[in-house]
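Please have the sequence and the model at hand while reading.

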Amino acid sequence: MYRRLLGLLLAGIAAHAHATDPAGVLGGYHWQLDRATASDGQRLDALFAHPDKPLQLDFSDGHLRISHTCNVISGSYHIEGHTLDIGRLMHTMMFCADKPLMAMEQMASQRLQGPLDFALLGNDAQPQLRLTTVEGDTLLFTGRPTPATRFGSTGTTEFLEVAAHTVPCKAASGAARTCLWVRQRHYGSNGLQAGPPGTWHVLDQPIEGYAHRPGIRNVLRVKRYVVRHPVEGQPGHAYVLDMVVETHAQDAKH
């Protein structure tokens, strides 16, 4: 009985947060498309070109980013009542030979523009976003928490150069393994390198979202988050890939 009452209380708190700060909820998750139907109930198949990489929406400070399409799509948005009003969308100009992906991009651009009726459903653990167009098409997205939501902080931006080769290291258990060999890089607000790089050192933890390829040297922009309650023996911070700044092929032994 106690657990049921607690569950109802938490659901009520989550619903109140959704109602009072919808922009905050939207910004706390990556929204991935789960279902899409036209006004006649037919599935909008073109929006599911690659099921392993579903159409994704990200909201931040009045700005919308649509990804997992051929080009990145972005535009402004604002919320008024139960209306999400998305402004004119801009596309990057990448050539796309993947026709299904291009069709998905075109349909997404058509559906995700102008005034949309929106509703936040579920709770903080399993949030959903339902968007309905003026024509009656319905798109249902499921929220995956952003790193800032998972770690409870905005994170610090850093630049790491990752060598083309890895180096031997040891796990907390003492077992032998390999680790990334990295050094810090510094850039000014103009995007130009500022000052000399840091010294090379072992990074004895993964960078979330980054897969190392032997023989490839990368400069990465990462976010470093404080882990508030780390597991014993685990680092007190986490690195999450933000973007790849430079990529160079070279001999794996630098």
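Does Glu158 count as buried or exposed? At 11% relative accessibility, Glu158 counts as buried, where buried means under 20% relative accessible area, exposed over 50% and partly exposed in between (1.4 Å probe, protein chains only). The model is predicted, so local features need pLDDT of at least 70 and side-chain atom pairs count only at pLDDT 80 or more, whereas totals for chains, interfaces and linings use all residues. Residues are numbered from 1 along each chain as its sequence is written, and side-chain values use heavy atoms, with hydrogens and water left out.

**Salt bridges overall**
- Taking a salt bridge as a side-chain nitrogen of Lys or Arg within 4 Å of a carboxyl oxygen of Asp or Glu, the count comes to nine.
- One network of salt bridges links Glu161, Arg183, Arg185, Arg217 and Glu246.

**Strands β10 and β14**
- Glu158 and Arg224 form a salt bridge through their side chains, at 2.7 Å from N to O.
- Because Glu158 lies in strand β10 (residues 156–170) and Arg224 in strand β14 (residues 216–226), this pair ties together parts that are 66 residues apart in sequence; strands (E, at least two residues) and helices (H or I, at least four) are DSSP runs, numbered from the N terminus.
- Arg224 is partly exposed, with a relative accessible area of 28%.
- Arg217 and Glu161 also form a salt bridge, with their closest N and O atoms 2.8 Å apart.
- Arg217 is buried at 18% relative accessibility, and Glu161 is buried with a relative accessible area of 2%.

**Helix α3 and a loop**
- Arg111 and Asp137 form a salt bridge, with the closest N and O atoms 2.7 Å apart.
- This pair links distant parts of the chain, 26 residues apart, with Arg111 in helix α3 (residues 99–111) and Asp137 in the loop between β8 (127–132) and β9 (138–145).
- Both Arg111 and Asp137 are buried.
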